[in-house]
Amino acid sequence: MVRNYYKILGVQPDAGKDEIKKKYRALALKYHPDTNNNSKKAEDQFKIIAEAYETLSNKKKRAEYERQRAYSSSSSKSSGGSNHSGFGGYGFGGDQRSRSSRREGPFRADGTPPPAEEFRPDPNAPTSGFDLQFMVDVPLPVMALGGKIPYSYDKYVNCAYCAGSGQDEGKDCSHCKGKKQVVKSVTIEIKIPPGVADQYTIRIEHKGGDGKNGGPPGNLLIKVCAMPHPRFKRVKNDIYADVEISHELAEHGGSLEVETLDSKRTIFVEEGTLTGEEYRIPGQGSAILWGQKRGDFVVRFRVDTP
Ligand SMILES: [Zn+2]
């Protein structure tokens with residue numbers, strides 16, 4: 001027997017990819033084990049929905065399925081009603097079996113799913129991947145002006161060898177030992193927004209662990225941790241820099257080249273400058289509110305005493 005995947009998803013046999021996806025999402029949401037107290041029956045339901053979607057959303061698989069269906073309908077008079085374990089043993093698709101053992105099957109005779117609480121959990125149900133959270137040290141200039149930083153981390157991904165099925169020719173996949181997933185190290189570039197605050201969490205969708213059995217991937221949460229800088233200190237949107245000047249320069253005044261966050265500026269040191277006095281360069285500090293405007297760069301003089 002071949003299950004009627006169209007009926008399971010509630011679409012017509014000529015339904016397009018988008019419609020199939022839409023129906024699948026709605027059903028997957030409804031029967032997700034998390035929203036059904038991990039009910040076994042909801043998970044069974046979930047599995048079958050996923051199986052239907054996996055088949056109908058893939059051009060190749062769908063063609064093969066159509067072929068099987070055509071074959072099955074032509075020979076069903078002799079084999080109909082038997083428990084075809086090759087399709088998981090849920091008995092869906094054969095009216096005779098569905099009617100006689102309705103309580104075992106996740107679907108009713110007419111193909112409509114029974115209430116979620118009637119289902120049992122199923123290890124093959126699609127489950128979302130894990131959300132991952134990391135604290136990442138970010139240099140002060142990158143936090144102030146934005147930028148990209150490479151970051152490597154480990155996450156669970158679907159085993160490429162068995163395509164996340166855990167099975168290889170009827171046995172546990174030798175690569176993932178039947179666990180369907182393996183740990184993989186990945187490197188991404190994290191986009192740091194200009195002017196981001198310390199401890200801010202950046203959410204990167206779908207970069208968490210892979211989902212199992214066709215479930216969606218988790219998200220990646222990056223907590224920005226400000227690294228101390230040897231010369232600069234950030235106070236809100238302003239950047240402070242302690243600059244040592246000679247006793248002579250402080251006494252007589254003169255020009256001085258200072259390094260700001262992203263450039264060099266020549267400033268004028270006034271005659272009789274004392275330690276602790278400040279020189280403010282407008283618009284050379286940290287970005288404000290992730291935008292183009294910037295705070296000030298503040299030079300704090302420290303006079304070198306002879
Ligand atoms: Zn595997």
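In strand E13, Val298 is the bridge partner of Arg280. The model is a predicted one, where local features need pLDDT of at least 70, side-chain atom pairs count only at pLDDT 80 or more, and totals for chains, interfaces and linings use all residues. Residue numbers start from 1 in each chain, following its sequence as written. Strands and helices here are DSSP runs numbered from the N terminus (E for strands, at least two residues; H or I for helices, at least four).

E12 pairs with E13 (residues 297-303) in the antiparallel sense, over four bridges; two strands pair if DSSP finds at least two bridges between them. Both belong to an open sheet of four strands with mixed pairing, in the order E8-E9-E13-E12. Strands E8 (232-235) and E12 (278-281) each have a single partner strand and stand at the edges, so one side of each has no neighbour in the sheet. From one strand to the next, the twist averages 25 degrees.

## Strands E2 and E5

Another antiparallel pair joins E2 (residues 147-158) to E5 over twelve bridges. Look for Ser152, whose bridge partner in E5 is Thr187.

E5 (residues 181-192) is hardly covered, as one of its twelve residues is buried. Buried means that 20 or more other C-beta atoms lie within 10 Å of the residue's own; 12 or fewer makes it exposed, anything in between partly exposed, with C-beta atoms placed from the backbone.

## Helix H3 and the cores

Now turn to helix H3. Of its 17 residues, 15 are buried, so H3 is largely enclosed by the rest of the structure. H3 reaches 24 Å from its first C-alpha to its last, close to the 24 Å expected at 1.5 Å a residue (1.5 Å times one less than the number of residues).

A nonpolar core is a set of buried Ala, Val, Leu, Ile, Met, Phe, Trp, Tyr and Cys residues joined through C-beta atoms within 7 Å. The largest has 16 residues, and Leu9, Ile49, Ala52 and Tyr53 have the most contacts inside it. Helices H1 (5-9), H2 (17-31) and H3 (40-56) each give two or more residues to this core, and H3 gives the most, with eight. A second, separate core has 13 residues, including Val138, Leu140, Leu220 and Phe297.

## Confidence

Over residues 76-106, however, the pLDDT is below 50.

Conventions:
Axes are lines fitted to C-alpha atoms, for helices over the stretch in contact, and angles run from 0 to 180 degrees between N-to-C directions. pLDDT is the predictor's confidence in each residue, from 0 to 100. Two residues are in contact if their C-beta atoms, placed from the backbone, lie within 7 Å.
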